[in-house]
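Dear colleague,

I am handing over the structure we spoke about, so that you can look at it alongside my notes. Please open it first and read on with it in view.

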Amino acid sequence: MIDMIEKEDPVISEEEAAQYDRQIRLWGLDAQKRLRGSRVLLVGLGGLGAEVAKNLILAGVKGLTLLDHEQVTEESCRAQFLVPVTAQGQNRAQASLERAQKLNPMVQVHADTDRVEDKPDDFFLQFDAVCLTGCSRDLMVRVDLLCSQRNIKVFCGDVYGYYGYMFSNLGQEHSYVEEKPKLVKPSRDANDGPDAKKAKVDASETTMVKKTSRFCSLKEALEVDWSSEKAKAGLKRTPVDYFLLHVLLKFRTDKGRDPDPQSFAEDSELLRQIRDDVLEALSVSSDFLKDDFISFCFSEMSPVCAVVGGVLGQEIVKALSQRDPPHRNFFFFDGRKGNGTVDYFGPN
């Protein structure tokens, strides 16, 4: 059994055992108990937030708090399936509550209509995991540093048109178990040559292996020094999505919003300028991020939300249940190419 700080000893009732029978068979009763004892804060109920909420509620966490001060818009209804089309003008968290709760009555789902920026530090410390979507870089860095000091797992994610990403910080030492095929030792009297004396993999039997993984803060992950010769040599192997994320976060910081289709021409020119400024500050050539990204980072695309939300939700479940190796520490998805990339950025 892996040591884990829990606020209470979760008990799985017969009704819950029947509800979660399939996943208990998949990842075990202990993992489900850890999930059942976990409380999660989800900030931002856009298209990505709705996907993450659905996945966490169906997985069976103890409680999920939906925090969002924004109102439902026409665009929200297109990208977000938890809000009714008749809810325009209402608060997004409140409007999402009824459908979210119906997904799994055994999970305590709450709506909070406050601004996340106005929440005191103590608010975040009541949760086992915090997932931030649609937030500014400064806020994400602040919450990440705060929570990592208290062993609270932090996740960040966003979808910009065809592009999406997620980041995770599970602490200095995240423990988990991984199921591996069992190695069968040869018998002592094996005399059929050297191959017969080697341990063999028995696919019909598995064993649980305890492992640990080390993570860094979001601040460290975003402040990689690209001016050194070693870093420049590794640029060819670096996903361009990492630098695209820098550009889009800077746009959000400068404008207080994401690129808007209603101001496509103006925002396109601003994205180009921010790209040049950001890459220059990072000591990276502007040619590394071609202009063609600009036309594909407006609005939330529902299919991209589904993919990134699926991965993000899965990573939260894996972290809380302490089952299976986590993604360390970024996942990028490019909807134009239809592929995703996992890569690590930060101190070695």
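Below is what was found in the structure, taken up by region.

Please bear in mind throughout that this is a predicted model.

I begin with the helix packing around α13. Helix α4, spanning residues 47-59, packs against helix α13, spanning residues 302-321, at an angle of about 40 degrees and with the two axes 8 Å apart, which makes α4 oblique to α13. The crossing of α4 past α13 is right-handed. On the α4 side the contact is made by Gly47, Leu48, Glu51, Val52, Asn55, Leu56 and Ala59, while α13 contributes Cys305, Ala306, Val308, Gly309, Gly310, Leu312, Gly313, Ile316 and Val317.

The contact of α11 with α12 divides into nine nonpolar residues, one polar and six charged.

Turning to the loops, His69 sits between β2 (63-67) and α5 (74-79), and its relative accessibility of 31% means that His69 counts as partly exposed. Apart from neighbours within four places in sequence, His69 is in contact with Asn91, Thr113, Asp114 and Arg115; with Arg115 there is a polar contact between the two side chains, at 3.1 Å.

Asp128 belongs to the loop between α7 (121-124) and β4 (129-133), and because its relative accessibility is 14%, Asp128 counts as buried. A polar atom of the Asp128 side chain lies 2.8 Å from the backbone nitrogen of Arg39.

Ser299, in the loop between α12 (264-281) and α13, has phi near 70 degrees, a positive value in a residue other than glycine, and at 22% relative accessibility Ser299 counts as partly exposed. Gln322, which is found in the loop between α13 and β9, likewise has a positive phi in a residue other than glycine, here near 55 degrees, but Gln322 is buried, with a relative accessible area of 5%. The loop between α13 and β9 (330-334) also holds Asn329, and the peptide bond leading from Arg328 to Asn329 is cis, with omega near -5 degrees.

Technical notes:
Residues numbered from 1 in each chain as written. Predicted model: local features only at pLDDT ≥ 70, side-chain atom pairs only at ≥ 80, totals over all residues. Heavy atoms only, no water. Axes fitted to C-alpha atoms, helices over the stretch in contact; angles between N-to-C directions. Helix = DSSP H or I, 4+ residues; strand = E, 2+ residues; numbered from the N terminus. Parallel < 35°, antiparallel > 145°, perpendicular 65-115°, else oblique. Left-handed = near helix turned anticlockwise from the far one by under 90°. Contact = heavy atoms within 4.5 Å. Buried < 20%, exposed > 50% of the residue type's maximum accessible area, 1.4 Å probe, protein only. Polar contact = N/O pair within 3.5 Å; in protein donor to acceptor, adjacent residues only side chain to side chain. Nonpolar A, V, L, I, M, F, W, Y, C, P; charged D, E, K, R; others polar.
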